[in-house]
Amino acid sequence: MNWNYLNTILLSIICFFTISIFLIDISVNISWSASITDWLSVIIYSCTLAAAIWAALTARSALEENRRIANDNQRLVNSQTEPFVDVSLEIMPQSINWIRLKIQNLGLSSAFNIKFTATDFTPDNDISQLVVNQFFGINFMRQGLSYLSKGDSRHTGFINLLDSDEDRGFTVDDFLNTKFTITIEFEDVLGKKYSSKFIISIN
């Protein structure tokens, strides 16, 4: 809590009680025949009381705004230091006919306990499963990664479009028509859990 705001609230409370005592004392002792000075004192005390109340309300509003800004700043700091594990199709530099998935941490901190799940195959048949299995043939796609530092990346198994249909188990058209979703679950250094979904559309 900001100490300036706290001091304002305490000052307002002190002013409120002090002025209330003065007003009670005046209300008991004053009469309609009181002097102009007495009435001026009442007016001054009343204005001071109103100012004290206004200061208290202003301080409360400032406190709430300060708390909101602090929460927004904390969320911004968290978002700027979160890991973010991304997956995308990549053509290998050796040949445009070699295609794999690239797993990369695009966030600003390390990711831990990373798990991969493939779902929503289109078309929903064994051929799509064969295509996905080619990418998930490497161990970390099945078992997960324990750690991926900021900016680091890993690559899945690849599909060679120059192979024969018999060797691959599916045609090039089957491959191009395949679509599926990869869900990536991971944690940050504090154990906070994240989950992201990526639609992988070959064509």
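Author: The largest nonpolar core has 30 residues, and those with the most contacts inside it are I114, F116, F135, F175 and I184. Such a core is a set of buried Ala, Val, Leu, Ile, Met, Phe, Trp, Tyr and Cys residues joined through side-chain atoms within 4.5 Å; buried means under 20% relative accessible area, exposed over 50%, partly exposed in between (1.4 Å probe, protein chains only). At least two residues of this core come from each of several elements, including β1 (85-91), β3 (111-122), α3 (126-135) and β8. Strand β3 supplies the largest share, five residues. Helices (H or I, at least four residues) and strands (E, at least two) are DSSP runs, numbered from the N terminus.

This is a predicted model: local features need pLDDT of at least 70, side-chain atom pairs count only at pLDDT 80 or more, and totals for chains, interfaces and linings use all residues. Residues are numbered from 1 along each chain as its sequence is written, and side-chain values use heavy atoms, with hydrogens and water left out.

Beyond four places in sequence, F116 is in contact (heavy atoms within 4.5 Å) with I103, F136, F140, M141, L145, T183 and I184. F175, another of the residues with the most contacts inside the core, is buried, as is F170. The ring centres of F170 and F175 lie 6.5 Å apart with planes at 20°, so the pair is stacked; rings of Phe, Tyr and Trp (its six-membered ring) pair if their centres lie within 6.5 Å, and planes under 30 degrees apart count as stacked, over 60 as edge-to-face and the rest as tilted.
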